[in-house]
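Try each one yourself before you read the solution.

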Amino acid sequence: MASSSTFSLCGYLLLVLVATASSSLTPSYYDGVCPNALPTIKRVVEAAVYRERRMGASLLRLHFHDCFVNGCDASILLDPSPTIDSEKNALPNANSARGFEVIDQIKSEVDKACGGAVVSCADILAVVARDSVVALGGPTWAVQLGRRDSTTASRTAAETDLPSPFADLPELINGFKKQGLDEKDLVVLSGAHTLGFSKCGAFKNRIYNETNVDPNFAQKRRSTCPPNGGDGNLAPLDPTPARFDLAYFTNLKNKKGLLHSDQQLFNGGSTDNLVNTYSSNAPAFWNDFANSMVKMGNIKPLTGNQGQVRLNCKMVN
């Protein structure tokens, strides 16, 4: 006679097979397989953000930088190997993308909670992005789940497809359009810069050479970003870098966008009206940000039998 543990194992494996066979994303993807998955992720994210408020922005950025390179497939998490040209080494990510150790901790704890590798690293990134925003006072949304993890990465695509802090508005619009995102998505997702910091090297030219910048703001930023050297020095992307609010858009209206690409959103172009709206309408920003995050999270996911569920987010199985 088979033991009860054998039946439990068979039932568990059946649930996993059913879950991985689905080809569509749904917020309830893990409900029957591992109901403790999302609460576990939330707990670790909240603890990480409590330890370091900046971490919330860093974790949110990982999801952006994952989705914009061949879809939301956790390719950004893969370490270099003889077969992986790691996106971590791409110019926009090298010595910049951070929070990988938090993702590793989440993966470990979620796998323990689920009794195995049930939750993909790509889904972890998507949930972590939402939970980081909530932890810093922003909106929540139902994260679509059921992504699987890539077995490849592309440093070249990361250097081509990730939005540049030096980009003009047409380049930004075209870059988002390539991902199936429109001008509204561009503006509202750029609003993620209500959180976090940027390195001096990314905004040095703006504060020394551009004219559409408030002179007092430029002078203040120059105090920690010298014309020569100091490229790694940090400055907040808006005045409240650990609170999800409207200050980013208010800054743009006052010519205090830190990055060239930020100020391009309010510089006499087609996106000015959206910035005006979000600078004074928190419910609109909250709602549209949530919707655009779901839309971005749907960029070319691997589902069904595509890809894999990694045992370790840093390497393929």
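The exercises below each come with a worked solution.

This is a predicted model, where local features need pLDDT of at least 70, side-chain atom pairs count only at pLDDT 80 or more, and totals for chains, interfaces and linings use all residues. Residues are numbered from 1 along each chain as its sequence is written, and side-chain values use heavy atoms, with hydrogens and water left out.

**Exercise 1.** Find the largest cavity and describe its lining.

*Solution.* Start with the rule: on a 1 Å grid over the protein atoms alone, a cavity is a set of points where a 1.4 Å probe fits but cannot get out, and lining residues have an atom within 4 Å of a point. Searching the whole structure turns up one cavity of 30 Å³ or more. Next, the volume (the space filled by probe spheres set on the points, which are joined across faces, edges and corners) is about 70 Å³. Now list the lining: His-63, Ala-126, Trp-141, Val-143, Gln-144, Arg-147, Met-293, Val-294 and Gly-297. Sort these by class (Ala, Val, Leu, Ile, Met, Phe, Trp, Tyr, Cys and Pro nonpolar; Asp, Glu, Lys and Arg charged; the others, Gly among them, polar) and you get five nonpolar, three polar and one charged. Last, helix H14 (residues 282-297) gives the most, three residues; helices here are DSSP runs (H or I, at least four residues), and strands are E runs of at least two, numbered from the N terminus.

**Exercise 2.** Work out how H3 packs against helix H5.

*Solution.* First the geometry: H3 and H5 (residues 121-135) pack at about 145 degrees, axes 8 Å apart, using lines fitted to C-alpha atoms over the stretch in contact and angles from 0 to 180 degrees between N-to-C directions. Then the contacts (heavy atoms within 4.5 Å): Gly-56, Leu-59, Leu-60, Leu-62, His-63 and Asp-66 in H3 meet Leu-125, Ala-126, Val-128, Ala-129, Ser-132 and Val-133 in H5. By class, that's eight nonpolar, three polar and one charged.

**Exercise 3.** Count the aromatic pairs and examine Phe-244 with Phe-289.

*Solution.* Pair rings of Phe, Tyr and Trp (its six-membered ring) if their centres lie within 6.5 Å; planes under 30 degrees apart are stacked, over 60 edge-to-face, the rest tilted. That gives 12 pairs. Phe-244 and Phe-289 sit 5.0 Å centre to centre with 65 degrees between planes, so they're edge-to-face. Phe-244 is in the loop between strand E2 (234-236) and helix H11 (247-253) and Phe-289 is in helix H14, so the pair ties together parts 45 residues apart in sequence.

Conventions:
1 Å grid on protein atoms, 1.4 Å probe; cavity = no way out; pocket = protein on both sides within 12 Å on 5 of 7 lines; lining within 4 Å.
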